[in-house]
Every structure is written in C-alpha cells, then in structure tokens.
Amino acid sequence: MKIYFATDHAGYELKEKLKEYVSGLGHEIRDFGAHEYDGEDDYPDFIKPCAEAVAKDSASLGIILGGSGQGEAMCANHVVGVRAGVYTGGDLEI
C-alpha cells in the first residue's frame with residue numbers, strides 16, 4: 001500500500017519515526033514535507049498537496065500530523081474525496 005505523509009514543524013519528529021515504522025512494514029511511502037524542522041513553516045503548504053495525492057490515488061492512505069491536528073484535518077477535508085479525522089491518543093509508542 002502507498003501511504004502519503006505530511007506535517008509542519010509541530011509533527012516533524014513524529015513523522016520521521018512513523019515513516020521508518022511504516023516503511024518497515026513493507027508499505028511504499030511518499031513524504032510531502034516538512035523535510036526539515038522550520039518553526040516558521042505553515043501546515044497548508046504540506047497538507048493540501050498530500051490530501052490531493054490521496055484523492056487521486058484511491059488505493060492509498062495519508063497520515064497528516066501537526067500541533068492539535070484540527071487545522072490540518074480541516075485543510076485536508078477541503079479536498080474533494082478526502083476525509084480526515086483527528087487522533088489524539090497520547091499512548092502511541094513508536
């Protein structure tokens with residue numbers, strides 16, 4: 001399965017860990033950024049292209065990360081064919 005990733009600076013470290021984990025499970029990944037930590041970046045620059053890629057590839061999934069996740073989910077949900085939800089489980093260990 002192809003899994004797309006995107007985040008701003010707030011989720012950068014977790015994204016990098018998740019990419020390694022998901023890749024280790026045998027999934028193909030594509031990273032829409034952020035590709036380095038930059039406290040001034042803005043999530044729509046990464047989330048929207050990721051959501052558009054998921055909408056075009058019905059066999060794929062997307063994992064988007066951020067601070068609270070609310071803005072990121074709203075951004076992704078503006079793309080036709082995409083539905084994003086927020087997971088706030090603090091017990092996730094990678």
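Student: What should I know before starting?

Tutor: Residues are numbered from 1 along each chain as its sequence is written, and side-chain values use heavy atoms, with hydrogens and water left out. As the model is predicted, local features need pLDDT of at least 70 and side-chain atom pairs count only at pLDDT 80 or more, while totals for chains, interfaces and linings use all residues.

Student: Which pattern does the protein follow along the sequence?

Tutor: Helices (H or I, at least four residues) and strands (E, at least two) are DSSP runs, numbered from the N terminus. Here the pattern is β-α-β-α-β-α, with three helices and three strands.

Student: How is empty space found?

Tutor: Rolling a probe the size of a water molecule over the atoms shows where empty space is left. A pocket is an open set of points on a 1 Å grid over the protein atoms alone, where a 1.4 Å probe fits, with protein on both sides within 12 Å along at least five of seven lines; lining residues have an atom within 4 Å of a point. Grid points are joined across faces, edges and corners, and the volume is the space filled by probe spheres set on them. The largest pocket holds about 690 Å³. Its lining has 31 residues, and Ile63, Ile64, Leu65, Gly85 and Tyr87 are the closest to its centre.

Student: Which element gives the most to that lining?

Tutor: Strand 3 does, with five residues. Helix 1 (12-24), helix 2 (44-56) and helix 3 (70-77) are also among the elements giving two or more.
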